[in-house]
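Thanks for making time this morning. I'd like to walk you through one structure, residue by residue. Have a look at it first.

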Amino acid sequence: MGISENIQRIKEEIFSLCKKAGHSPEEVTLLAVVKEADIFQIKKAIEAGICDLGENKIQSAIVKYNAIRLAHNTGRVKWHLIGHLQSNKVKDAVKIFDLIHSVDSEHLAEEINKQAKKIDKIQDVLIQVNISGEKTKFGLKPDAAVEVIKKSAEFKNIKIKGLMTIAPLAGDPEEARSYFRKLHQLQDEVNGLRTTDYGLRVLSMGMSQDYKVAIEEGATIIRVGRGIFQQ
Ligand SMILES: *Cc1c(COP(=O)(O)O)cnc(C)c1O
């Protein structure tokens, strides 16, 4: 199947899963993860209706961002950073990303605030939570995530829009369900504390292997790479 057929199919799945779960399909963003895609494939995805692109490395993101910006002279496409962010790359990151999914320390939040301020931007971010507790994963433990959110409330040039997690790789997508549910519960808990006056609305969870389960558990952004670009 081609890229546009894949996108069409996933959009239909989003539609029917949302209908079943009783929420609006517009609440779920299909983020196309382009880390293994070339410019030609990315353009095809945009032509097929994709408005959100995700990269995990700053350098590749800059190259692709520039190529796509030249080709599509519209403000329609949004860029998401989904990979680990080092402090020394923050300056570049705030220039191109609409949403940074991978804030995993107070220090990083502070640096993003500082660099965003320099370019007069309010940077939207998500807090990455290591909900499964796997040692190999980036992300804050749930308790630490709550602390970082509380402390970051004073940073005027970042806006915490929600939470992000990566479920462990598993043969069965059902194995991810409890982690997605826990992230949703953490969101409710944080919103109950009223640390921000706007509330956390975004749940970035689910990849090619488990996005259907993620939607059932309340994902508002699913991050799909292979499911779109692998033919
Ligand atoms: C690569 C990646 C994805 C997409 O994974 P696929 O299995 O290709 O859908 C999603 N989120 C993150 C953080 C990634 O690094």
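Let's start with Val34: buried or exposed? Val34 is buried, because its relative accessibility is 0%. One caution before we go on: this is a predicted model.

Now look for Phe229. Val34 and Phe229 are 195 residues apart in sequence, yet their C-alpha atoms are 8.1 Å apart in space. Phe229 is also a contact of Val34. Setting aside neighbours within four places in sequence, the contacts of Val34 also include Ile42, Leu53, Gly54, Glu55, Lys64 and Trp79.

Keep Trp79 in view. How many aromatic pairs does a search of the whole structure find? The search finds 1. The partners are Tyr65 and Trp79, in an edge-to-face arrangement. Their ring centres are 6.1 Å apart, with 65 degrees between the planes. Why edge-to-face? Because the angle of 65 degrees falls in the class set for planes over 60. The pair links distant parts of the chain. Tyr65 belongs to helix H3 (residues 58-71), and Trp79 to strand E3 (residues 78-81). They are 14 residues apart. Trp79 has 3% relative accessibility, so Trp79 counts as buried.

Next, the histidine. His101 is in strand E4 (residues 99-103). His101 is buried, since its relative accessible area is 0%. What does its side chain touch? The side chain of His101 makes a polar contact with the side chain of His80, at 2.9 Å. Another polar contact goes from the side chain of His101 to that of Ser204, at 3.0 Å. Beyond four places in sequence, other residues in contact with His101 include Leu31, Ile82, Ile127, Gln128, Met164 and Arg223.

Arg223 takes us to the ligand. Around the ligand you find Arg223, along with Val33, Lys35, Asn56, Ile82, Ile166, Met207, Ser208, Val224, Gly225 and Arg226. An N or O atom in the side chain of Arg223 is 2.8 Å from a nitrogen atom of the ligand. Gly225 uses its backbone: an N or O atom there is 2.8 Å from a ligand oxygen atom. For Arg226, a polar side-chain atom lies 2.6 Å from an oxygen atom of the ligand.

Now the nonpolar core. In soluble globular proteins, nonpolar side chains tend to be buried together. Here, the largest nonpolar core has 67 residues. Which residues touch the most other members? Those are Ile112, Ile127, Ile222 and Ile228. Helix H1 (residues 3-21) gives the most to this core, with 6 residues.

Ignoring neighbours within four places, Ile228 is in contact with Ile3, Asn6, Ile7, Ile10, Leu30, Ala32 and Ile50.

On to helix H7 (residues 177-193). How well does its span agree with expectation? At 1.5 Å a residue, its 17 residues should span 24 Å. Its end C-alpha atoms are 25 Å apart, so the two agree. The buried residues in H7 are Arg177, Phe180, Leu183, Leu186, Gln187 and Val190. What covers them? The cover includes helix H6 (142-152), strand E6 (158-164), strand E7 (202-204) and helix H8 (211-216). After H7 comes Arg194, with a positive phi near 50 degrees.

Two glutamates to finish. Glu217 lies in the loop between H8 and strand E8 (221-224). Glu217 counts as buried, because its relative accessibility is 10%. Its side chain makes a polar contact with the side chain of Arg177, at 2.9 Å. A polar contact of 2.8 Å also joins the side chains of Glu217 and Arg181. Contacts of Glu217 beyond four places also include Phe180, His184 and Met205.

The other is Glu147, in helix H6. Glu147 is partly exposed, because its relative accessibility is 37%.

Methods: Residues are numbered from 1 along each chain as its sequence is written. This is a predicted model: local features need pLDDT of at least 70, side-chain atom pairs count only at pLDDT 80 or more; totals for chains, interfaces and linings use all residues. Side-chain values use heavy atoms; hydrogens and water are left out. Rings of Phe, Tyr and Trp (its six-membered ring) pair if their centres lie within 6.5 Å; planes under 30 degrees apart count as stacked, over 60 as edge-to-face and the rest as tilted. Helices (H or I, at least four residues) and strands (E, at least two) are DSSP runs, numbered from the N terminus. Buried means under 20% relative accessible area, exposed over 50%, partly exposed in between (1.4 Å probe, protein chains only). The expected span of a helix is 1.5 Å times one less than its number of residues. Contact means heavy atoms within 4.5 Å. A nonpolar core is a set of buried Ala, Val, Leu, Ile, Met, Phe, Trp, Tyr and Cys residues joined through side-chain atoms within 4.5 Å. A residue is near a molecule or strand if one of its heavy atoms lies within 4 Å of it. A polar contact is a pair of N or O atoms within 3.5 Å; within protein, one must be able to donate a hydrogen and the other to accept it, and residues adjacent in sequence count only if both atoms are side-chain atoms.
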